Structures are given as structure tokens and as C-alpha cells.
Amino acid sequence: MAERLLDIRDLSTYFFTHAGVVKAVNGVSFTLHRGETIGIVGESGSGKTVAALSLMRLIADPPGKIVEGTLMLGDRDLRALTDAEMRGVRGNDIAMIFQDPMTSLNPVMKIGKQIAEAIVLHQDKGRGEAWRMAAELLARVGIPDADKRVDQYPFEFSGGMRQRAMIAMAISCNPDVLIADEPTTALDVTIQAQIIDVMREMQAQFDSGVILITHDLGVIAEISDKVMVMYGGRTVEYGPVDEIFYNAHHPYTWGLLASLPRLDATEKARLTPIKGQPPNLITLPGGCPFTARCPYRRPECRDQWPQPESVGLDHGVSCWIPEEQRLALRAELPHSKAPAA
Amino acid sequence: MSLLEVRDLKKHFPIRTGVLKRTTGYVYAVDGVSFDVEKGETMGLVGESGGGKSTVGRTVLRLTPATGGHVTFEGIDVMRASRPEMQKLRRDMQVVFQDPYASLNPRMRIRNIVGEALIIHDIGTEAERKQRVAELLEIVGLNSEHAERYPHEFSGGQRQRIGIARALALNPKLIVLDEPVSALDVSIRAQVLNLLEDLQDELDLTYLFVSHDLSVVKHISDRVAVMYLGKIVEISDSAVLYNHPQHPYTEALLSAVPIPDPHTERARRRIILEGDVPSPANPPKGCVFHPRCPRPQEICTTAMPRLVATPGADAGERHQVACYFPARFKEGGRYIADEPFREALPEPPS
Amino acid sequence: MPDWDERQKPERDVYGTQLTQAETIDARSSEEVIEERVEEATKPLGLWADTWRRLRRNRLALVGLGVIIVFLCIGTVETIFYEAHWHVRPGSDVSAANAPGYLAPYDPNEVNYALSPEGLGSPPSWSHPFGTDYLGRDVLSRTLIATRIAMLVGIIAVAIALTLGLLLGPVSGYYGGAIDTVIMRLADVFFAFPYILFVLLIMSVLGAGFQNVFIAIGILGWATFARISRGQVLSVKSMEYVEAARAQGAGDLRIIFRHVLPNSMAPVYVAMAMAIGGAIATEAALSYLGIGVQPPNSSWGLMIAESVNYLAAGNWWWLLFPSLALVATVFGFISFGNGLRDATDPKLKE
């Protein structure tokens with residue numbers, strides 16, 4: 001088994017606002033090993049971005065606060081680190097790629113400088129050498145004319161190139177963990193393919209673990225090894241990617257898979273949507289956040305959170321419906337997907 | 001006669017620089033686009049950013065004036081219609097926008113938003129309008145009590161339904177949908193797509209569905225046109241396009257779309273295009289796609305190929321492609337001719 | 001019936017699975033409870049409620065608001081009774097004694113030499129809390145009645161400026177081009193002139209007097225409102241709901257005044273608060289210089305002017321009270337304006 005990089009247990013991050021307490025992340029656990037990619041899937045309000053930001057301790061306090069959980073990076077407890085020590089971790093051991101490359105790059109700073117910043121900060125190199133490394137990195141992520149490009153400003157880069165520059169920044173210090181928050185959502189589909197390729201290459205080269213956060217199940221299917229499905233701040237299901245797609249056990253996962261229009265669909269079938277709206281995190285009752293939208297809800301669902309139960313190798317689901325009944329319900333679904341043999 | 005006929009539509013935005021705002025160039029957002037939409041069908045328009053699809057939608061509705069070309073709706077020339085003619089046309093052609101948060105006036109109540117068109121076109125009495133608004137809200141699956149509320153009290157999916165209700169107010173024949181589900185959560189998209197399909201059946205609507213999301217477009221469209229840098233490079237029936245794409249850009253586009261199925265994903269052959277999408281201000285000479293094309297030839301640099309049907313194509317005349325070396329599908333196999341497809345040349349041999 | 005209708009309670013769930021009797025009953029009860037809870041909790045605050053909440057936290061702004069309210073109350077009462085009971089014409093014999101309901105304890109214009117030994121008035125006492133001036137007039141009464149003038153100037157002058165500004169600004173921003181250039185350059189001219197000088201110029205043309213003060217200040221104030229509203233209009237006019245209105249067939253007039261202007265008002269309100277404060281100060285300056293309110297009417301500026309000559313003799317109370325009133329009022333408006341601006345700024349962190 002590859003080296004374990006991250007061990008997150010029972011992470012809970014709450015936001016204390018004037019309107020009430022927002023339980024953005026509520027008891028989330030996962031592990032990440034070297035060379036592994038975990039895909040965190042969820043919609044708005046699922047808490048996936050907040051979970052990643054909590055890992056980096058980038059939650060603004062106030063109003064947010066990590067109220068519970070152990071965050072272990074290797075054998076270091078991230079919650080116990082001082083601010084200075086945490087700064088040494090960010091960009092160095094854990095790096096993050098944000099969603100919108102338009103706004104996450106400083107518009108008045110040259111690209112080279114932004115990349116070099118991290119290098120100078122973490123690697124004790126001089127400015128000159130850092131610039132040289134920045135140009136190398138740009139070339140490595142596939143930007144042509146890297147030597148000239150390193151001297152340019154973000155507005156001179158296209159969306160795809162900016163995202164590559166962000167990746168270059170992220171990998172500049174050989175991080176063990178790479179967090180990519182919706183890295184391709186703002187990009188065109190052909191550029192998306194390029195970026196995913198680059199990320200895959202970089203992961204292979206540095207043997208890092210990747211946390212991929214997205215709502216796009218197609219991208220998840222493409223590069224994840226394991227998947228965590230989040231809803232309303234909780235993990236409703238997690239497991240290896242094949243298990244999640246072909247042997248899903250949670251009604252939300254079923255709903256998600258059934259509601260997607262697919263490129264390879266053969267007949268013009270009707271989509272089966274999930275009824276209702278994404279949840280309001282302030283007024284969530286204590287149980288399963290999906291209760292209001294779940295067609296199979298039971299009385300206990302609303303107020304009691306079902307602890308995760310194992311339904312396969314490394315595959316867990318949190319649901320009150322007993323396993324046999326779940327399997328029966330799933331078999332009746334109109335788009336029941338058996339594993340492609 | 002088709003419901004909507006678009007011929008050689010052009011929209012060029014002038015680029016003005018300098019203090020005196022001289023025109024130094026043009027953005028060729030739409031550069032010679034032609035297609036027909038039949039009554040009752042859904043025409044999908046796909047492409048990436050800068051491809052021009054949104055601009056086509058807006059120009060067809062005359063929300064922006066076109067630089068050239070013709071748009072004919074039920075035989076009437078939209079571009080040259082007089083003010084009163086245009087007002088009548090507006091009742092038949094409506095639009096649903098992408099952003100559910102920006103497409104509703106935050107200071108207006110829902111009943112005013114949905115019913116505004118009725119007031120503008122002086123339809124019905126106050127009481128009749130009120131009832132019509134209630135009807136429309138019910139049609140899209142909202143409670144008619146919601147009419148008194150403001151947009152900020154609704155979620156994204158609900159707002160999009162309000163936008164749809166607004167578009168339906170005047171019983172239009174054609175609705176242009178500009179990325180109607182892109183800004184919505186994945187689990188809400190299916191709701192709105194189903195709603196759109198149901199409405200199309202019930203109210204005999206025709207859709208022009210603009211989107212960058214190929215999976216969505218495939219699901220809802222009967223015919224699909226693929227745009228690149230202001231031109232249509234391929235147009236065909238939906239199923240045919242997705243199974244037998246002839247244009248290299250279409251192939252690349254289809255192979256780039258992630259499919260939520262790990263086994264399929266692993267088995268796929270990816271075509272990764274080099275480089276960035278070029279700027280429509282500076283389109284390449286010759287075929288607009290040739291700098292990124294995986295199989296460019298000499299002839300591709302000379303002139304942009306015309307959009308014509310290839311012989312032996314699945315859908316016959318209904319499948320048109322703008323390429324000198326389109327992929328052909330025969331007897332279950334795919335092959336590309338060595339000789340360029342002469343019909344696509346600007347002046348075909350007689 | 002379409003299955004996306006959320007108010008339906010089907011016997012089959014959305015996936016087509018038959019729900020057993022028991023499940024339906026259970027599901028129904030918790031569903032109702034949940035729907036109800038979600039319904040009431042998801043109502044976000046109204047458009048102004050949010051602003052008010054943030055404003056409440058700004059003590060200075062609240063103090064300012066309090067001052068404004070007091071000021072408006074006094075001014076309103078004065079104005080209501082003024083016309084009925086006070087005609088300031090020389091020789092009038094109306095006095096406080098036969099003017100019921102008047103807010104000032106004494107006739108502000110009643111000359112009473114008895115209270116002004118040596119022509120220097122009498123200092124504050126129990127019967128005259130602010131003292132009397134050189135003509136024996138009660139300073140408290142004069143200060144109070146000057147409030148009316150200040151309020152009228154503030155409101156009417158700013159109303160004139162607002163009307164002109166909100167006519168020219170949105171038109172300028174919406175149409176752009178030559179109209180925009182002309183109007184904005186005109187505004188620049190107005191900005192370039194030193195304000196007081198310009199006001200004096202206009203007053204000298206119109207002649208001294210109370211009503212002309214409104215006109216002068218109003219005419220000069222339009223530029224600020226025009227510029228602010230134009231800026232907002234520029235960003236609002238490209239919003240999708242404006243395009244939607246156009247697609248419905250709305251004409252320019254309707255779009256500007258029904259859609260664009262109402263959404264451009266937030267910074268205008270802030271500017272209004274500041275402008276009222278500024279107008280009051282300007283009026284005081286004009287009256288001080290002798291070309292605003294004329295004696296025997298009282299205005300704070302006039303009172304200050306009258307008192308200056310006598311300061312050496314130690315009559316501090318003629319100067320102090322009107323000055324305090326002026327400063328408090330102007331400061332009140334400005335603090336409130338600042339608070340309002342902070343409260344409506346979406347980017348300001350809470």
C-alpha cells in the first residue's frame with residue numbers, strides 16, 4: 001500500500017453568522033495515499049470546497065471555525081501547527097488550484113513573479129534562480145514560449161493557459177498533496193481535456209496525491225481512483241470509482257447518476273431528476289440532509305444521522321434503508337446500470 | 001417553408017482603440033452562418049467560447065443588429081422589419097437566458113416580471129393578465145402564490161422557471177434558449193430539461209438551444225450545428241452527429257467530453273487538440289480550424305470550405321460538413337479520402 | 001401530469017417505485033413538516049432589511065439618523081404653521097401670543113428692546129434659554145424657525161438637482177455615444193467651477209432671496225447625480241433582465257425608467273444624504289454673505305453673520321447656538337450618508 005499522505009477524521013467546520021450556524025462540513029472523513037486521486041462530488045451547499053479550505057486552514061475566522069476533527073498530514077497534526085508552521089505547509093506540502101483562473105491570479109503581478117514567490121518562500125532559493133525555475137515550470141505544464149511568457153501579466157494569458165500557470169504555481173515546490181477545486185469548470189471542453197492531461201502528468205511525475213473537487217461526474221469518472229459523495233455537509237457515500245458508478249448504494253448517488261444526460265445514451269430517454277432544491281444549511285435538521293428530497297425517506301431519517309456502514313471493499317454508505325431493501329429498490333430503477341461486463 | 005431560416009448571417013463587432021476610437025479591426029463573432037429550423041423541432045447550437053453561438057441567438061432575435069445576412073421568420077425578414085412588424089414578431093420569438101440571477105429584475109415582483117410583456121403589447125384587462133400570470137406560473141411548476149414575491153426569494157432552478165414562464169407569456173412559436181441550464185446545479189438541470197421537453201410537446205414550441213454542454217444538447221436536440229470561430233463546421237441530425245461525426249473538430253469535441261462511466265472513459269481514445277482557441281478577432285486564413293486540426297493539408301490553408309453534404313452520408317442532405325477531408329462512414333468503418341472533397345471549395349468545379 | 005411538480009404526492013415515487021401504504025403515510029407526515037420548516041427558513045431578508053441590519057451596527061450613522069429625524073420634525077412643524085401664522089412683512093402685528101400651536105416659544109421676529117440693554121441682548125436665562133439678540137429677539141425661537149429654512153433648502157434644492165441629474169444621467173449612460181459625451185462634458189464644466197463662486201454668480205443674476213437659493217443650489221447640483229447614476233446605468237444596462245425586457249418588446253423609455261433606473265439608485269441615495277447636508281451648509285454660507293435669506297427672516301447663516309460683529313463684546317450665545325445647530329445638522333446628514341454607503345456596499349465584510 002502506498003504511503004498515506006492525509007488522514008482526515010470527523011472534520012466539522014461551522015460558520016457562525018447572524019442568521020444562524022451554517023454547518024458547512026459536518027463530520028467528514030477520508031484518507032489519501034501517494035499517487036491516488038480522490039474525487040469529491042457534490043453540488044452547491046455540499047461543503048466540498050469548505051472541506052478543502054479547512055484542510056489548508058484557510059477558513060476565515062470569524063465567522064468560520066473548524067470545530068472538530070483530526071487532520072493528519074503524514075504524522076503532523078495540521079490543527080496543532082502554529083500559523084507560521086501552517087504557512088510552511090501551504091504551497092509546499094499541500095498546494096491548491098482554484099476554480100476561476102481569472103480571479104485567482106494577481107492581475108498586477110507578472111506570472112513569473114507569482115510562481116517565483118512560492119519558490120522563494122519555501123525553498124531558500126534566490127530570486128534569479130526562482131525565475132529560472134518558474135520558466136521551466138511553465139514549459140513543463142505545456143505553455144509554449146515559456147521564457148517570454150514568464151514575463152507577462154495574467155491578462156495576456158488565455159483561460160486555459162492561466163489554469164496551467166496555476167498548476168505550475170501549485171507544483172513549484174513538489175507538493176505531496178494537490179487540491180484542485182473545480183479546476184476545469186470555467187474552461188472550454190477541449191481545453192478541459194488538456195488541463196486534465198496536464199494534471200495527470202504532474203501527478204505521475206511527483207507521485208502526489210490529488211484531491212479533485214467537482215460537480216462533474218464525467219471528470220470524476222475520468223481520473224478518480226476513489227470517490228466521496230457529499231450532500232449538505234455530510235458524506236453520504238464513498239468508495240472506489242467503479243463501485244460508486246456501478247454499485248451505488250445511496251439514493252442521492254442514484255438520483256445524480258440517473259439525472260445526467262449522457263453523450264453515449266442510445267435512445268432518447270427521459271431524464272429522472274431529483275425533486276426539490278439544494279438544502280439550506282442553516283435549517284438542516286440533525287439527520288440526513290437529503291431527507292427532504294429522498295423518495296425513500298423514513299421517519300428516522302430526519303433527525304438521526306446514520307453512521308456509515310460498509311457495503312464492499314472500502315465502500316461505505318450512510319443510509320437508514322437496510323441493505324437488502326436498498327438493493328431491491330435499486331433494481332427497480334428505470335436506469336439500472338449493471339457493470340459493463 | 002421552415003419556421004426560421006438563417007442565411008449567411010454575419011455579426012462583426014468593431015474594435016475601437018485610441019482616444020479617437022478609430023476602428024482598428026473586427027471581432028468576427030458570426031461569419032456567414034446558415035441553417036433552417038423546422039416547426040416543432042429543437043435545433044442545438046454547440047461550440048466553445050468565442051465560437052459565436054450566443055451571438056447567433058441574440059442576432060436572430062434582433063437583440064443586437066446583424067452586420068449582414070438574412071433571418072427569416074415565417075417568411076418575414078427580421079432584420080428589415082419595421083417597428084410595428086417587429087413588435088408583432090417579438091410575440092412569436094422569445095428568449096430564456098443563462099444566468100437565473102441576472103435575468104430577473106431584482107426590484108420587480110414576479111407577477112410584473114412575467115406579465116410585463118402583456119402590458120407592453122396591451123393584451124387583456126388587469127384581471128385577465130393576473131389570471132394569465134397565475135396560469136403561467138402553474139405551467140412551469142410554481143405556486144401561483146409566488147407571484148407576489150421578489151426574485152431573491154427563489155432558488156436558481158425556480159428562477160429559471162420564472163424566466164421560462166416569462167418567455168411563454170405571449171404564446172411564442174420560437175424560443176431561443178441561451179445556456180438555460182448551465183448555471184444550475186446538476187440535480188436541478190434534469191428538472192428544467194424535462195420541463196422544457198414537456199412544454200415543447202404541450203405548446204408546440206420550436207427551440208433554438210444554445211449550449212457548450214454537448215451531453216445536454218444531444219439529449220434535447222433533434223438537429224445539432226457545431227460552431228467554431230463564427231462558422232458552422234458541421235450540422236446534422238443529433239444521433240448521426242454524435243455517432244458519425246465527419247468534421248475533425250466535432251470529433252475532438254466529442255472525445256473531450258467526459259462521460260460519467262469509468263469503464264467507457266478508460267477505453268476511450270482521446271483526441272487532444274493543441275493550443276488555445278484562437279481569438280475571433282484574428283481568425284486564421286483558409287479553414288478556420290486548420291491550425292489546430294489533427295489532419296491539415298495544403299489545400300486547407302487556401303480558403304474556408306463551404307458547408308455541403310457529403311455523398312453517402314447517413315442523413316443524406318441533412319448532414320452537412322465544412323471540410324476538405326471529412327471522415328466517411330461506410331460498412332461500419334471510418335475512413336478519410338486521400339483526395340480533397342472538391343464540392344467544399346468556394347467555387348466548385350462545374 | 002409532469003413528475004417535476006413538487007406539490008404532487010404520487011403513489012409512485014419519482015423513480016417509478018411503488019410506495020407501500022405504510023411508507024406513504026410515514027413519508028407524508030415528515031414531508032409536510034420538512035417542507036414547512038424549509039419553506040419558512042429559506043425566506044431571505046428583503047432588499048432593504050439587509051441594509052438596515054448593517055446600518056444598525058454603525059453608531060455614528062444612527063446618531064446622524066436621529067439628528068436628521070429631529071431636524072425634520074422641527075422643520076415640518078414650522079413649515080406647517082409658518083404660512084398660516086407668520087407672514088414676515090414689515091409692520092405685521094401677528095405675534096406669538098395669538099399664534100396657537102407654534103413651536104417656538106416666542107415670536108422670532110418680535111423686537112423687544114427691553115430685553116436688549118445697550119443693544120447687546122441678554123444672555124441665556126430661564127425665560128430665554130438661548131438668550132436674546134441685539135434686537136431683543138429670542139435666539140431659541142430664531143434658531144428653531146431657521147430650521148424650516150434649512151429643511152426647505154435641503155429638500156427642494158436637492159430635489160431640483162436630483163430631477164435634472166436623474167433625467168440626464170441615465171439617458172447619457174443608456175444611449176452612450178455623442179449624447180453621453182455632450183452631457184458628461186457639460187457635467188465636467190459644472191464640476192470644474194469653484195462651487196461657491198458659481199453659486200454667487202447665479203445668485204447675482206437671479207437676485208438675492210430665499211427662493212433663488214433653491215434654484216441656484218439645485219441647478220449646480222445636477223452634475224453629481226448625473227455622474228453617479230450614469231455610472232450605475234452603464235453597468236446595469238448590460239444586465240440580462242434588460243435584454244429580456246427588450247426581447248419582450250419594451251421600448252427605451254420603459255427600459256430606462258422601469259428597469260435600469262430603479263436598480264441604479266443605491267449610490268444615489270447616499271449622494272442625496274450628503275447633498276442635503278451640503279445644501280444646508282451652502283445656504284448658511286450664502287446667508288452669511290448676505291445674499292441668501294434676508295432679514296428679518298432668520299437663517300443660521302444670517303444669525304451667525306449678525307453675531308460676528310458683536311463677538312468682541314462677549315455675546316457668545318448669538319454665535320454659539322446657530323452654529324451648533326448648523327454643525328449638528330450637516331454632520332448628521334453626512335454621517336448618515338457615510339453609514340448608508342457602508343451598509344449598501346456589498347463588498348464590505350461584516
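Colleague: In chain C, what share of contacts between residues at least 6 apart in sequence join residues at least 24 apart?
Modeller: In this predicted model, 66% of those chain C contacts join residues at least 24 apart.

Colleague: How many helices and strands are there in chain C?
Modeller: Chain C has 12 helices and zero strands. Its pattern along the sequence reads α-α-α-α-α-α-α-α-α-α-α-α.

Colleague: And what percentage of chain C counts as buried?
Modeller: Of its 350 residues, 41% count as buried.

Colleague: What touches chain C on the chain B side? How many residues?
Modeller: 26 residues of chain B contact 20 residues of chain C. Helix 2 (83–92), strand 6, helix 3 (110–120) and helix 6 (186–203) of chain B each supply at least two residues of that side.

Colleague: Which of those gives the most?
Modeller: Helix 6 of chain B, with four residues. By class, the chain B side has 10 nonpolar, nine polar and seven charged residues.

Colleague: Strand 6 of chain B came up there. Where does strand 6 stand in its sheet, and what is the strand order?
Modeller: Strand 6 (93–96) of chain B is an edge strand, and so is strand 11 (308–309) of chain B. Each pairs on one side only. The sheet is open, with eight strands in the order 6-7-8-3-9-10-12-11, and the pairing is mixed.

Colleague: Take strands 9 and 10 of chain B. Parallel or antiparallel?
Modeller: Antiparallel. Strand 9 (residues 223–228) and strand 10 (residues 231–237) of chain B pair over six bridges. One bridge joins V224(B) to S236(B) in strand 10 of chain B.

Colleague: Which helix lies across strand 9 and strand 10 of chain B?
Modeller: Helix 9 (residues 248–256) of chain B. The helix runs at about 100 degrees to strand 9 of chain B.

Colleague: Switch to the contact of chain A with chain B. How many residues from each?
Modeller: Chain A gives 40 residues and chain B gives 36. On the chain A side, the elements giving two or more residues are helix 6, helix 7 (189–206), helix 8 (217–223), helix 9 (241–246) and helix 10 (251–258) of chain A. Helix 7 of chain A has the largest share, six residues.

Colleague: What about helix 6 of chain A inside its own chain? At what angle does it pack with helix 3 of chain A?
Modeller: About 20 degrees, with the axes 8 Å apart. Helix 3 covers residues 111–123 of chain A and helix 6 covers 159–171. The two helices are therefore roughly parallel to each other. The crossing is right-handed.

Colleague: Which residues meet?
Modeller: I111(A), Q114(A), I115(A) and A118(A) in helix 3 of chain A meet A165(A), A168(A) and M169(A) in helix 6 of chain A. That contact divides into six nonpolar, one polar and no charged residues.

Colleague: Last topic, the four-strand sheet in chain A. What is the order?
Modeller: The order is 2-1-4-5, in an open sheet with antiparallel pairing. Strand 2 (20–33) and strand 5 (76–77) of chain A each have a single partner strand, so one side of each has no neighbour in the sheet.

Colleague: Which helix packs on that sheet?
Modeller: Helix 1 (residues 48–55) of chain A, touching strand 1, strand 2 and strand 4 of chain A. Its direction makes about 70 degrees with that of strand 2 of chain A.

Colleague: How many bridges between strand 1 and strand 4 of chain A?
Modeller: Eight, linking strand 1 (residues 4–17) and strand 4 (residues 64–73) of chain A. The bridge partner of Y14(A) in strand 4 of chain A is K65(A).

Note on methods
Residues are numbered from 1 along each chain as its sequence is written. Chains are lettered from A and ligands numbered from 1 in the order in which they are written. This is a predicted model: local features need pLDDT of at least 70, side-chain atom pairs count only at pLDDT 80 or more; totals for chains, interfaces and linings use all residues. Two strands pair if DSSP finds at least two bridges between them. Two residues are in contact if their C-beta atoms, placed from the backbone, lie within 7 Å. Axes are lines fitted to C-alpha atoms, for helices over the stretch in contact, and angles run from 0 to 180 degrees between N-to-C directions. Angles under 35 degrees count as roughly parallel, over 145 as roughly antiparallel, 65 to 115 as roughly perpendicular and the rest as oblique. A crossing is left-handed if the near helix is turned anticlockwise from the far one by less than a right angle, and right-handed if clockwise. Ala, Val, Leu, Ile, Met, Phe, Trp, Tyr, Cys and Pro count as nonpolar, Asp, Glu, Lys and Arg as charged, and the others, Gly among them, as polar. A residue is buried if 20 or more other C-beta atoms lie within 10 Å of its own, exposed if 12 or fewer, and partly exposed in between; C-beta atoms are placed from the backbone.
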